[in-house]
Amino acid sequence: MKLKSMMLAPLFAIAGGMFFSCAFSGPDILLDSEVVEGKKLSKYVEKYWVSSTLEASDDGDMAAYAMWMGWKIANLFDGVISAVTPNVSDSPSCGWSSADKDLPQWVIIDFGVPVVPKKVILYARTDDWGSYGNPGANFPQAFEIYLSNDGQIPDAAETGDPSDTASYWDSSSVSIDSSTLLKPPKSDPGLSYELDNTDLKRYLMLKVTRATGDFVQLSELEVYGEFE
Ligand SMILES: [Ca+2]
């Protein structure tokens, strides 16, 4: 197992064998002038689900350690695009780390109301810890982005895995599969992808099928577009 983050290795070992889908409440949608002007849709995510996460582990020690490290799913949308390690910050924000599970791993966003997603930016982890070379670790290398208005998605995400139910999702707007996709550099950790979409959609899924490591880690996921 080629773990880029050796500090987390014991935790991932504990996590082996667990797979779960979890729902988390996000911030409320604020339909004010800031929303219209900002057009940063991911700032107003109402709810989100992930295929697995360290944060939601039922192992108390691992969950506490992950939280201390800043691997908290809410940090995927907190506006902090870098991953800050706790040794340099009292409020670490690392982002989303899936559990050490087989790919694919996914995150689904519910914007609360239909919006027009047009661009997605993925931000890699940027933190260094000793010589472990964390920047770019476990960054998506092959992935698909799907959009949908299917009202069955929330129930499906609460109880199981909606990522493989084709009827829930429209055709992929972006499908990246490149063995040559490089890790984003620490100085510019975000990679931007345009979506071929002009329609109102309430749900967006990022489904990662290969990463630069054995699982998925992102410090931030931004979605830009238009409100109707
Ligand atoms: Ca973040």
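I began with a term: two residues are in contact if their C-beta atoms, placed from the backbone, lie within 7 Å. With that in hand, I looked up the contacts with a separation of 6 or more, and residues 24 or more positions apart account for 79% of them.

A note on what I am reading: this is a predicted model, where local features need pLDDT of at least 70, side-chain atom pairs count only at pLDDT 80 or more, and totals for chains, interfaces and linings use all residues. I number residues from 1 along each chain as its sequence is written.

Next I looked up the secondary structure and found 4 helices and 10 strands. These are DSSP runs, numbered from the N terminus (helices: H or I, at least four residues; strands: E, at least two).

Then I turned to burial. I call a residue buried if 20 or more other C-beta atoms lie within 10 Å of its own, exposed if 12 or fewer, and partly exposed in between. Buried residues make up 43% of the 228 residues here.

What is in the largest nonpolar core? I found 51 residues, and Val107, Ile108, Ile109, Met205 and Leu206 touch the most other members. E4 (105-123) is among the elements that supply at least two residues, and its 9 are the largest share. (A nonpolar core is a set of buried Ala, Val, Leu, Ile, Met, Phe, Trp, Tyr and Cys residues joined through C-beta atoms within 7 Å.)

I also checked two loops. Pro104 sits between strand E3 (96-97) and E4, and the peptide bond from Leu103 to Pro104 is cis, with omega near 10 degrees. Asn138 lies between E4 and E5, and has a positive phi of about 60 degrees although it is not a glycine.
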